[in-house]
Amino acid sequence: MAERSTLVEGLRAYRLIAGMWVRSGMTYRTSFVFTVVGNLLMTGLDFVSILLMFSQVDSLGGWSLPEIALLYGLSATAFGVADMLLGSMDVLGSRMRDGSFDVLLVRPAPVLAQVGADRFAVRRLGRVTQGALVLGWALVSVDVDWSVPKVLLVPVMLVSGAAIFSAVFVAGAAFQIFAQDAAEVQNAFTYGGTTLLQYPPTVFGKDLVRGVTFMLPLAFVNWVPAAYVLDRPYPVGLPGWAAFASPLVAVGCCLLAGLAWRTGLRSYRSTGS
């Protein structure tokens with residue numbers, strides 16, 4: 001009961017803080033629109049680089065352009081949602097250095113909600129929009145024999161992927177508490193992770209594929225379930241039911257990230273400033 005009360009309180013605090021930043025960002029609406037469009041165009045350069053590759057080749061690692069666009073759209077959209085909700089977690093290190101993190105600890109609201117909603121930026125919706133546009137084109141263009149399980153896997157991948165990336169953001173923030181910063185390390189697994197998943201697993205070594213499948217299970221964002229949707233073999237042998245395991249992996253990642261966050265908070269030592 002206490003856990004449920006804490007969750008409700010955290011969601012309420014997150015909504016209030018995020019709402020404050022949204023109202024602040026919407027004060028200058030023309031600037032807001034230009035910022036969102038600029039964010040959309042900047043993130044779209046990632047897919048432009050893929051298009052440039054395919055202007056020279058017919059396939060990449062045996063995957064066609066629509067198939068890679070499917071991977072890209074799933075990864076970019078799921079990450080975009082997580083980045084919009086918890087993207088501010090990577091500045092936790094600077095808060096600890098200047099002592100402002102201590103202020104959050106004494107406020108009557110869950111610290112995770114405060115850090116996650118801090119400087120909530122709707123402009124990050126541009127990344128989500130751009131990823132969704134590529135995903136929409138991929139779903140129309142890809143050659144797939146659609147069935148009910150395959151259709152249902154698409155929204156499952158998006159929701160589970162956003163949860164997995166959110167867990168990585170939280171776990172990365174917990175690591176920053178132990179390491180007294182190290183935002184670059186966190187970014188290597190968040191922004192680096194989504195870039196990795198935008199390309200087919202067949203272009204990477206099997207050791208790397210095993211690492212993001214069994215150690216840091218980012219592969220369940222799109223690689224594993226998308227292989228089932230596209231009727232492609234996965235480079236690392238997995239049972240057939242693994243394609244539907246993304247929600248379980250997401251729950252497991254969130255639980256471990258929550259445990260890491262609590263452990264980090266308990267071990268935190270103030271800068272004294």
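In the predicted model, helix H12 (246-267) makes the greatest contribution to the lining of the largest pocket, supplying 8 residues. This pocket has a volume of about 970 Å³. It is lined by 25 residues, of which Leu7, Leu112, Ala113, Val170 and Gly258 lie closest to its centre. Besides H12, at least two lining residues each come from helix H1 (2-25), H3, helix H6 (111-117) and helix H8 (148-179). By class, the lining comprises 18 nonpolar, 5 polar and 2 charged residues.

The second largest pocket has a volume of about 350 Å³. Of its 17 lining residues, Ala167, Val168, Ala171, Gly172 and Leu216 are the closest to the centre. Here the largest share of the lining, 6 residues, is provided by H8. H8, H9 and H12 each contribute at least two residues to this lining. Its composition is 14 nonpolar and 3 polar residues, with no charged residue.

At least two of the lining residues come from each of helix H2 (29-54), helix H3 (65-86) and helix H7 (125-141). In terms of class, 2 lining residues are nonpolar, 4 are polar and 2 are charged.

Helix H3 contributes to the linings of both the largest pocket and the largest cavity. H3 contains 22 residues and spans 31 Å from its first C-alpha to its last, close to the 32 Å expected at 1.5 Å a residue. The helix is mostly covered, with 20 of its 22 residues buried.

Thr190 belongs to H9, which covers residues 183-197, and is buried because its relative accessible area is 0%. Leaving aside residues up to four places away in sequence, Thr190 is in contact with Phe79, Phe165, Val168 and Phe169. Val168 is also among the residues closest to the centre of the second largest pocket. Thr195 likewise lies in H9, but is partly exposed, with a relative accessibility of 39%. A C-alpha separation of 21 Å was computed between Thr195 and Asp58, which are 137 residues apart along the chain.

Tyr234 is located in the loop between helix H11 (223-229) and helix H12. Its relative accessibility is 14%, so Tyr234 is classed as buried. With residues up to four places away in sequence excluded, the contacts of Tyr234 are Pro201, Val209, Thr213, Ala219, Trp223, Val224 and Ala227. For one of these contacts, Trp223, the C-alpha atom lies 8.0 Å from that of Tyr234, at a sequence separation of 11 residues.

The model has 0 disulfides. For Cys253, the closest cysteine sulfur is that of Cys254, at 6.9 Å, which is too far for a bond because a disulfide requires sulfur atoms within 2.5 Å. The closest cysteine sulfur to that of Cys254 is, in turn, the one in Cys253. Cys253 is buried, at 16% relative accessibility, whereas Cys254 is partly exposed, with a relative accessible area of 37%.

Conventions:
Residues are numbered from 1 along each chain as its sequence is written. This is a predicted model: local features need pLDDT of at least 70, side-chain atom pairs count only at pLDDT 80 or more; totals for chains, interfaces and linings use all residues. Side-chain values use heavy atoms; hydrogens and water are left out. Buried means under 20% relative accessible area, exposed over 50%, partly exposed in between (1.4 Å probe, protein chains only). Helices (H or I, at least four residues) and strands (E, at least two) are DSSP runs, numbered from the N terminus. Ala, Val, Leu, Ile, Met, Phe, Trp, Tyr, Cys and Pro count as nonpolar, Asp, Glu, Lys and Arg as charged, and the others, Gly among them, as polar. Contact means heavy atoms within 4.5 Å. The expected span of a helix is 1.5 Å times one less than its number of residues. On a 1 Å grid over the protein atoms alone, a cavity is a set of points where a 1.4 Å probe fits but cannot get out, and a pocket is an open set with protein on both sides within 12 Å along at least five of seven lines; lining residues have an atom within 4 Å of a point. Grid points are joined across faces, edges and corners, and a volume is the space filled by probe spheres set on the points.
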